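Me: Hi! I have a model open here and would like to talk it through with you. Could you help me get my bearings?

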Amino acid sequence: MSIAGALVGLHDSGALWLPDEHTLVVADLHLEKSSSFAQRGLMLPPYDTAATLEKLKLAIDAFDPHRVIALGDSFHDRHGSDRLPAAYRAMLTTLQLGREWIWVTGNHDPIAPLKLCGETADEVRLSGLTFRHEPKPGPEGFAEVAGHLHPAGRVRRYGRSIRRPCFATDGERLVLPAFGVLTGGLNVLDEAWAGIFAEKRFSAFLLGEGRLYPFTASKLLAD
């Protein structure tokens with residue numbers, strides 16, 4: 001599909017592919033989220049980082065990108081990369097070999113990740129698009145690709161309510177779903193989306209098993 005004139009591909013993993021730039025883009029990995037919660041006394045299964053990295057490996061194997069852009073909140077807090085176990089650090093380093101890797105800063109990780117390869121940037125410009133963590137409301141967000149909001153869409157199909165992470169776009173900007181396995185989703189009809197898209201003038205591409213399910217905003221349900 002086209003976003004502000006740039007050709008992009010949407011993948012059912014939640015990753016974005018820029019064929020002309022040989023670039024894979026993912027948002028909101030939230031690595032080491034469970035260990036962050038554990039520091040505050042909330043115990044979660046400690047497997048989120050391994051599962052997210054394995055998911056990322058599958059996407060990288062599928063596209064073999066020259067460049068990977070991680071659109072912020074790659075770690076759940078600013079010390080997450082320092083807590084990364086050696087085995088996961090080695091796995092991430094292997095994924096980075098032979099390709100450019102850009103960590104875009106996010107609200108959870110505003111500083112460069114510690115002891116990891118790759119460069120850090122607040123924004124990246126490619127193919128006429130601006131890649132940033134948090135979408136900018138209004139005309140400032142023209143030709144942007146962002147994350148942060150963890151978009152999710154709810155529809156009714158065959159008498160059942162189904163809620164799934166999704167891509168959300170009006171053709172001029174695109175918001176990616178959270179790629180991390182331990183992340184929630186914010187309904188694209190929630191008030192927090194005000195100013196990102198004109199009311200009911202956008203589409204959502206819900207993630208399914210091996211495919212995407214496109215819906216216009218008028219077909220979506222509020223939570």
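Reply: Happy to; we can start with the overall picture and then go to single residues. One thing to keep in mind is that this is a predicted model.

Me: Good to know. How many helices and strands does the protein have?

Reply: There are four helices and 17 strands.

Me: And the dimensions? What does the C-alpha trace span along its principal axes?

Reply: About 45 × 40 × 30 Å. The radius of gyration is 17 Å, which agrees with the value near 17 Å for a compact globule, because the chain has 223 residues.

Me: What share of the residues counts as buried?

Reply: Of the 223 residues, 50% are buried. The accessible surface comes to about 10400 Å², and carbon and sulfur atoms account for 54% of that.

Me: What about contacts across the sequence?

Reply: Taking contacts between residues at least 6 apart in sequence, 66% of them join residues at least 24 apart.

Me: Switching to helix H4. Which of its residues are buried?

Reply: H4 covers residues 86-96, and its buried residues are Tyr88, Arg89, Leu92, Leu95 and Gln96. Seen down the helix axis, they fall within an arc of 120 degrees, so they line one face of H4.

Me: Why would residues spaced like that end up on one side?

Reply: An α-helix has 3.6 residues a turn, so residues three or four places apart point the same way.

Me: Nice. Which exposed residues sit on the face of H4 turned away from the buried side?

Reply: Ala86 and Ala87. On the buried side, the cover includes helix H2 (48-63), helix H3 (80-83) and strand E7 (100-104).

Me: What is the phi of Lys200?

Reply: Lys200 also has a positive phi, about 65 degrees. Lys200 is in the loop between strand E15 (186-187) and strand E16 (203-207). At 42% relative accessibility, Lys200 counts as partly exposed.

Me: Last one: Gly147. Where is it found?

Reply: Gly147 is in the loop between strand E11 (144-146) and strand E12 (151-157).

Me: Is Gly147 buried or exposed?

Reply: Buried, with a relative accessible area of 0%. Leaving aside neighbours within four places in sequence, Gly147 is in contact with Ala27, Asp28, Leu71, Arg132, His133, Pro135, Val175 and Leu176.

Me: How far apart are Gly147 and Val175?

Reply: They are 28 residues apart in sequence and 5.3 Å apart in space, C-alpha to C-alpha.

Methods: Residues are numbered from 1 along each chain as its sequence is written. This is a predicted model: local features need pLDDT of at least 70, side-chain atom pairs count only at pLDDT 80 or more; totals for chains, interfaces and linings use all residues. Side-chain values use heavy atoms; hydrogens and water are left out. Helices (H or I, at least four residues) and strands (E, at least two) are DSSP runs, numbered from the N terminus. Buried means under 20% relative accessible area, exposed over 50%, partly exposed in between (1.4 Å probe, protein chains only). Contact means heavy atoms within 4.5 Å. The radius of gyration is taken over C-alpha atoms; the globule rule is 2.2 Å times the number of residues to the power 0.38. Accessible areas come from the Shrake-Rupley method with a 1.4 Å probe; for residues, only the protein chains shown count as cover. The arc is that of the directions from the helix axis to the C-beta atoms.
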